[in-house]
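This briefing goes through a single protein chain by topic.

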Amino acid sequence: MLGNLTTETRNARTTDLDGLSTAELLQIMNEEDARAVEAVNRELPAIAEAIEAIVKVRLSGGRLIYMGAGTSGRIGLLDAVECPPTFGTEPSEIVGLIAGGEKAFIKAVEGAEDSRELGVQDLHGISFGPGDILVGIAASGRTPYVIGGLEYANSLGAETIALACNKGSEIGKHANIAIEVEVGPEVLTGSTRLKSGTAQKLVCNMLSTASMVKTGKVYGNLMVDVQTTNEKLVERAKRIIMAATDCTFDEAGKFYQLSGKKPKVAIVMILTGATHEEATANLQESGGFIRQAISKKSK
């Protein structure tokens, strides 16, 4: 069965890979990577459906959980851990699970991906419930660890999404929504960290970013919930306030402090003339959406 998967077949364009010049090798890799982008484009309707499902769960207080093995697991975990600093989410809100546990992020844990039971066990470990949403990721689309997790999530009545790089995937059959980005044979036969990994990262970027936009974490194209955990990010926060309000850098710094170092609150304060308390209350009543908070004040 493995040999029938497009991700495992040989790429006719690269059969003499070891005989190419460096320039030729890079050119063909770049051309093949472009095919991954095109493949994602063909799956935009399914990706949009998945995002709507994620938004519905998130607005109801549920969590977004990624699950995968090897490269797929690392990509999901990477997307999850980057959400708190970028969007101000709590680490528990968006979680990445990888077969073999966190240690598998830097060193392969052999055999972990072959256990359906381990997938169930890992979901038990985070108290996965019917109000959460699971994204199972597997380039091949047949990883037992992911299938086990999807089956368990389905048994609870939770929303499930599959992200694979082969059409008619097994994980797709075990999910409510199937995103199957068929990138074609890899430059290096079977090395799904290449085009498949690129496609998975692109899709995960979309799932997290678009769902955050749709849940009030973004104003315009600005990261208004960015966590200011270092000097660079403090400066970025001030420039975000400037961009959103057309104020000066000094004014942005002043309102950054007055807002309790929360760019979103500072923006509402400046645009509406509200106090810290009023801006905070307006944002809470508006579900965290700046546009609605501004509109509420203007009325």
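Ile106 sits in the loop between β2 (94–98) and α5 (116–125); helices (H or I, at least four residues) and strands (E, at least two) are DSSP runs, numbered from the N terminus. The model is predicted, so local features need pLDDT of at least 70 and side-chain atom pairs count only at pLDDT 80 or more, whereas totals for chains, interfaces and linings use all residues. Residues are numbered from 1 along each chain as its sequence is written, and side-chain values use heavy atoms, with hydrogens and water left out.

**Surface patch**
- Ile106 counts as exposed because its relative accessibility is 77%; buried means under 20% relative accessible area, exposed over 50%, and partly exposed in between (1.4 Å probe, protein chains only).
- Together with Leu78, Val81 and Phe105, Ile106 makes a nonpolar surface patch of about 370 Å².
- Patches are made of residues with over 30% relative accessible area and no salt bridge; like charges are joined within 9 Å, and nonpolar side chains (Val, Leu, Ile, Met, Phe, Trp, Tyr) within 5 Å.
- Accessible areas come from the Shrake-Rupley method with a 1.4 Å probe, and for residues only the protein chains shown count as cover.

**Positive phi outside glycine**
- Ser127, in the loop between α5 and β3 (133–138), is not a glycine but has a positive phi of about 55°. It counts as exposed, at 60% relative accessibility.
- Lys261, in the loop between α10 (249–258) and α11 (263–272), is likewise not a glycine and has a positive phi of about 65°. Lys261 is partly exposed at 47%.

**Nonpolar cores**
- The largest nonpolar core has 33 residues, and those with the most contacts inside it include Tyr66, Ile161 and Val203. Helix α2 (residues 44–59) gives the most to this core, with 8 residues.
- A second, separate core of 24 residues includes Ile241, Ala244, Cys247 and Ile267.
- A nonpolar core is a set of buried Ala, Val, Leu, Ile, Met, Phe, Trp, Tyr and Cys residues joined through side-chain atoms within 4.5 Å.
- Leaving aside neighbours within four places in sequence, Tyr66 is in contact (heavy atoms within 4.5 Å) with residues including Ile94, Leu97, Val135, Ile137 and Leu207.
- Ser211, in helix α8 (residues 195–213), is buried at 2% relative accessibility. Not counting residues up to four places away in sequence, Ser211 touches Ile51, Ile54, Val55 and Met206.

**Strands**
- β3 and β4 pair in the parallel sense over 6 bridges; pairing requires that DSSP finds at least two bridges between two strands.
- Ile137 stands opposite Leu163 in β4.
- Of the 6 residues of β4 (residues 159–164), 5 are buried.

**Salt bridges**
- The count comes to 12 salt bridges, each a side-chain nitrogen of Lys or Arg within 4 Å of a carboxyl oxygen of Asp or Glu.
- Arg13 and Glu31 form a salt bridge at 2.5 Å, N to O. The pair links distant parts of the chain, 18 residues apart, with Glu31 in helix α1 (residues 22–42) and Arg13 in the segment before α1.
- Arg35 and Glu32 form a salt bridge at 3.7 Å, N to O. They are separated by about one helical turn because they lie 3 residues apart in helix α1. Arg35 is partly exposed at 39%, whereas Glu32 is buried at 1%.
- A network of salt bridges links Arg13, Glu31, Glu32, Arg35 and Lys195.
- Arg58 forms a salt bridge with Glu93, with the closest N and O atoms 2.6 Å apart. This pair joins helix α2 to the loop between α4 (83–87) and β2, 35 residues apart.
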